[in-house]
Amino acid sequence: MPIKIRQAVPTDAKDIKFIHYHAYQVCYRGYLPDDFLDQMPFDDAVIQRTAARIKSVEYYVVELNNHIAGFLCVQVPEARTVEVQMLYIHPDFQRQGLGRALMCEICVLKKKKGYKKLIVWTIKDGPAVGFYEKLGMTKSNTPAKKFGKTDVAIIRLEKPI
């Protein structure tokens, strides 16, 4: 199946939020409180905020057969460090190498621009830790912190790029 990775545009916002919403509902059930997941909004206001955010923050999408199947969002929290803030693949398309492809593409793009380190925060005992470790990321010594207003601990993983 041919995949294509490209920078997102504001008109991708609805697909991005659809994937974000469904990935949370499927992948984080049992890791995040049910009431948090049950109250996640997916409406026009959320889509409009995402469209606006795409204009100022780097989002990339992965397309499978000309349909967006996942996305990644990055920011720069520290000098020469890139942080993956969000990486979600629609549950129907997980375990097909799309997340790996997005991560590899970001590493290549950012390394060319002089970045030296890649970081990500994820649920301490969540489903993504093993994925990131398979990509060569290791748990940092940075203390865990709480996810939003929940008591769920998140940890930092990192690797040189």
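1. Arg156 forms a salt bridge with Glu78, the closest N and O atoms being 3.0 Å apart, where a salt bridge is counted when a side-chain nitrogen of Lys or Arg lies within 4 Å of a carboxyl oxygen of Asp or Glu. This pair links distant parts of the chain, since Arg156 belongs to strand E8 and Glu78 to strand E3, 78 residues apart. Helices (H or I, at least four residues) and strands (E, at least two) are DSSP runs, numbered from the N terminus.

2. Please keep in mind that this is a predicted model, in which local features need pLDDT of at least 70 and side-chain atom pairs count only at pLDDT 80 or more, while totals for chains, interfaces and linings use all residues. Residues are numbered from 1 along each chain as its sequence is written, and side-chain values use heavy atoms, with hydrogens and water left out.

3. Are the partners in this bridge buried or exposed, or do they fall in between? Arg156 counts as buried because its relative accessibility is 9%, whereas Glu78, at 31%, counts as partly exposed; buried means under 20% relative accessible area, exposed over 50%, and partly exposed in between (1.4 Å probe, protein chains only). The side chain of Arg156 also meets that of Glu158 in a salt bridge (3.0 Å, N to O), and Glu158, with 21% relative accessibility, is partly exposed.

4. By the same rule, the count of salt bridges comes to seven. One of them joins the side chains of Glu63 and Arg6 (2.8 Å, N to O); Glu63 lies in strand E2 and Arg6 in strand E1 (residues 3-7), so the pair ties together parts that are 57 residues apart in sequence. Glu63 is buried, with a relative accessible area of 10%, and Arg6, Asp12 and Glu63 are linked in a network of salt bridges.

5. The largest nonpolar core has 26 residues, and those with the most contacts inside it are Leu72, Val84, Met103, Leu118 and Tyr132. A nonpolar core here is a set of buried Ala, Val, Leu, Ile, Met, Phe, Trp, Tyr and Cys residues joined through side-chain atoms within 4.5 Å. Among the elements that give two or more residues to this core are E2, E3, E4 and helix H4 (98-112), and the largest share, five residues, comes from H4. A second, separate core of 25 residues includes Ile16, Ile19, Leu32 and Met86.

6. Which residues does Lys110 touch, not counting those up to four places away in sequence? Lys110 has its place in helix H4 and touches Glu58, Val74, Val82, Tyr115 and Ile161, a contact being heavy atoms within 4.5 Å. At 2% relative accessibility, Lys110 counts as buried.

7. For helix H1 (residues 13-27), a student can check the geometry: at 1.5 Å a residue its 15 residues should span 21 Å, and its end C-alpha atoms are 21 Å apart, which agrees. The expected span is 1.5 Å times one less than the number of residues. The buried residues of H1 include Ala13, Ile16, Lys17 and Tyr24, and what covers the buried residues of H1 includes helix H2 (34-38) and helix H3 (44-54).

8. The largest pocket is lined by 47 residues, of which Tyr28, Leu87, Tyr88, Ala128 and Tyr132 lie nearest its centre. On a 1 Å grid over the protein atoms alone, a pocket is an open set of points where a 1.4 Å probe fits, with protein on both sides within 12 Å along at least five of seven lines, and lining residues have an atom within 4 Å of a point. H1, H3 and E4 are among the elements that each supply at least two residues of this lining.
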